[in-house]
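Dear colleague,

Please find below the structure that I am handing over to you. A summary of the findings follows it.

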Amino acid sequence: MSAERTENFVRARLVIRNGGFEGMTYEIDGVETLIGRNPTTDITLLDEGISREHAIIQFDPDAGEYSVEDLQSTNGTKVNGKRVRSSVLKSGDEVQIGHTRFQFLIGD
């Protein structure tokens, strides 16, 4: 995960909600978290439906909020069932990357 942190940082996590890895949790502990199939990404998923570098979750310390941005992937990124290029995330949102569905949660 990215080592860069800010004073206004708010802890968040992604919890897998489907498939063989259901319940697995990924802590979001940096300003930027890269998600993809490539082993060099912060969150590496074994999902044939995702790109090597599929999406990035970013924390904006000025706004105190997270967003997800699709990195021009083939299969896209969805938030609450809607395909997005970029979207602000709220606690409880469902984020789908390839066939993998996550629940985005803020706080401990």
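This is a predicted model: local features need pLDDT of at least 70, side-chain atom pairs count only at pLDDT 80 or more; totals for chains, interfaces and linings use all residues.

Residues are numbered from 1 along each chain as its sequence is written, and side-chain values use heavy atoms, with hydrogens and water left out.

The largest nonpolar core has 22 residues, and Leu14, Ile57, Tyr66, Leu89 and Phe102 have the most contacts inside it. Such a core is a set of buried Ala, Val, Leu, Ile, Met, Phe, Trp, Tyr and Cys residues joined through side-chain atoms within 4.5 Å; buried means under 20% relative accessible area, with a 1.4 Å probe and protein chains only. Among the strands that each supply at least two residues of this core are strand 1 (12–16), strand 5 (55–60) and strand 11 (100–106). Strands are DSSP runs (E, at least two residues), numbered from the N terminus. Leu89 touches Ile57, Tyr66, Ser67, Val68, Val79, Val95 and Phe104 (heavy atoms within 4.5 Å), not counting residues up to four places away in sequence.

A search of the whole structure finds three aromatic pairs. Rings of Phe, Tyr and Trp (its six-membered ring) pair if their centres lie within 6.5 Å; planes under 30 degrees apart count as stacked, over 60 as edge-to-face and the rest as tilted. Phe59 and Tyr66 form a tilted pair, because their ring centres are 4.8 Å apart and their planes stand at 50 degrees. The rings of Tyr66 and Phe104 have centres 5.4 Å apart and planes at 65 degrees, so this pair is edge-to-face. The latter pair links distant parts of the chain, with Tyr66 in strand 6 and Phe104 in strand 11, 38 residues apart. Tyr66 is buried at a relative accessible area of 2%, and Phe104 is buried at 0%.

Ser67 lies in strand 6 (residues 65–70) and is buried, with a relative accessible area of 17%. Its contacts include Ile56, Gln58 and Val88.

The largest pocket has a volume of about 220 Å³. A pocket is an open set of points on a 1 Å grid over the protein atoms alone where a 1.4 Å probe fits, with protein on both sides within 12 Å along at least five of seven lines; lining residues have an atom within 4 Å of a point. Grid points are joined across faces, edges and corners, and the volume is the space filled by probe spheres set on the points. Of the 13 lining residues, Ile16, Phe21, Leu45, Leu46 and Thr100 lie nearest the centre of the pocket.

Yours sincerely

Notes:
Helices (H or I, at least four residues) and strands (E, at least two) are DSSP runs, numbered from the N terminus. Buried means under 20% relative accessible area, exposed over 50%, partly exposed in between (1.4 Å probe, protein chains only).
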